[in-house]
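Keep the viewer open as you read.

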Amino acid sequence: MLNKFVSENGQVNYKAWIFEQDNLNTYVTTLKGFHPKDKDSKNQKLAFWINLHNALTVQLILKNYPIKSIHNINSLQEIKCFSSLNKEYSLGDIKNKILRKMNEPRVHFAINFTSKSSPRLLNQAFQEKNLENQLIKITNDFLKDSTKNKISPNQLKLSEIFKRFKNDFGTKDQVYLFIQNYTGLILNKPKINYFIYNWDLNESVLK
């Protein structure tokens, strides 16, 4: 489904996907049978919860389509939209109570909120064995996207994600180091400014 309805740059053909939303609903239901166990690897747990988060987000858009922005859905973060092992989860639960507690800040570039300022929705599922390569790729792609981050040795204008989730990325020096590791640039500790987040739907009609 991701390969069919999501372009390489992360634009989503919701108008076409809505006719196959039953397949997405079936996928979400199937995931209930693969709930991570304590003994599972960290990468397996990350891949499961990232895939589930993104599937549920698209599912909510399709249920409310046509829609200008995911913010038009009331109580988005609190809606219980998945149940497994006698427990119910909202998108907020998955993001804040599970993924953000796994000490992997790159999840913020993997989970998608169907907006123009979100990191692009990867048009393939995340997989345990390939997760590190996938996280490296999406982080590189996001940092190099000049519509979301402008990075030079003396100037940083970053996505608001770095501001909203600053506790996950650490101190300013840790943010500098994070960016240097992915871009190869030596930063002169510039002042950090932020882009205004655009919540309009990341919609495109694929040809």
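**Charge, fold and core**

The protein carries 31 positive and 18 negative charges, and their mean positions lie 4 Å apart. Bear in mind that this is a predicted model. The exposed surface comes to about 11100 Å². Carbon and sulfur atoms supply 48% of that surface.

Now the fold. The secondary structure consists of nine helices and five strands. Read from the N terminus, the order is α-α-α-α-β-β-α-α-β-β-α-α-α-β. The radius of gyration is 17 Å, close to the 17 Å from the globule rule for 207 residues, so the protein is as compact as a globular protein of that length. Along the principal axes, the C-alpha atoms fill a box of roughly 50 × 40 × 30 Å.

How much of the protein is buried? Buried residues account for 48% of the 207 residues. Contacts across the sequence can be counted too. Take the contacts with a separation of 6 or more: 67% of them join residues 24 or more positions apart.

The largest nonpolar core has 62 residues. Leu52, Leu99 and Phe162 have the most contacts inside this core. Which helix gives the most to it? Helix H4, residues 42-64, does, with twelve residues.

Pick out Leu99 in the viewer. Setting aside residues up to four places away in sequence, Leu99 touches Leu46, Trp49, Ile50, Ile94, Val107 and Ile111.

The buried ones are Leu91, Gly92, Asp93, Ile94, Lys95 and Ile98. Note that Asp93 and Lys95 are on that list. What covers the buried residues of H5? The cover includes H4, S1 and S2.

Move on to helix H6, residues 131-144. Two of its residues deserve a look. Gln134 lies in H6. Is Gln134 buried or exposed? Its relative accessibility is 4%, below the 20% cut-off, so Gln134 counts as buried. Beyond its neighbours up to four places away in sequence, Gln134 touches Leu122, Gln124, Ala125, Phe126 and Gln127.

Thr139 is also found in H6. Thr139 counts as buried, at 0% relative accessibility. Leaving aside neighbours within four places in sequence, Thr139 is in contact with Arg106, Phe109, Phe178 and Tyr182. Pro119 is 20 residues from Thr139 in sequence, and the C-alpha atoms of the two are 8.6 Å apart.

Pro119 comes up again with Asp145. Asp145 sits in the loop between helix H6 and strand S3, the latter covering residues 150-152. In sequence, Asp145 and Pro119 are 26 residues apart; in space, their C-alpha atoms are 9.1 Å apart. Is Asp145 buried, exposed or partly exposed? Its relative accessible area is 24%, which falls between the cut-offs of 20% and 50%, so Asp145 is partly exposed.

Now the backbone. Where is the cis peptide bond? It joins Tyr65 and Pro66, with omega about 0 degrees. Pro66 is in the loop between H4 and strand S1, residues 80-84.

Follow the chain past S1 to Asn86. This residue is found in the loop between S1 and strand S2, residues 87-90. Asn86 is not a glycine, yet its phi is positive, about 60 degrees. At 88% relative accessibility, over the 50% cut-off, Asn86 counts as exposed.

Lys189 also has a positive phi. Its value is near 50 degrees, in a residue other than glycine. Lys189 lies in the loop between helix H9, residues 172-183, and strand S5, residues 192-194. Its relative accessible area is 56%, and Lys189 is therefore exposed.

Go on to Gln134 and Thr139, both buried.

Terms used. Residues are numbered from 1 along each chain as its sequence is written. This is a predicted model: local features need pLDDT of at least 70, side-chain atom pairs count only at pLDDT 80 or more; totals for chains, interfaces and linings use all residues. Side-chain values use heavy atoms; hydrogens and water are left out. A nonpolar core is a set of buried Ala, Val, Leu, Ile, Met, Phe, Trp, Tyr and Cys residues joined through side-chain atoms within 4.5 Å. Buried means under 20% relative accessible area, exposed over 50%, partly exposed in between (1.4 Å probe, protein chains only). Helices (H or I, at least four residues) and strands (E, at least two) are DSSP runs, numbered from the N terminus. Contact means heavy atoms within 4.5 Å. The radius of gyration is taken over C-alpha atoms; the globule rule is 2.2 Å times the number of residues to the power 0.38. Accessible areas come from the Shrake-Rupley method with a 1.4 Å probe; for residues, only the protein chains shown count as cover. Lys and Arg count as positive and Asp and Glu as negative; His and the chain ends are not counted. The place of a charge is taken as NZ of Lys, CZ of Arg, CG of Asp or CD of Glu.
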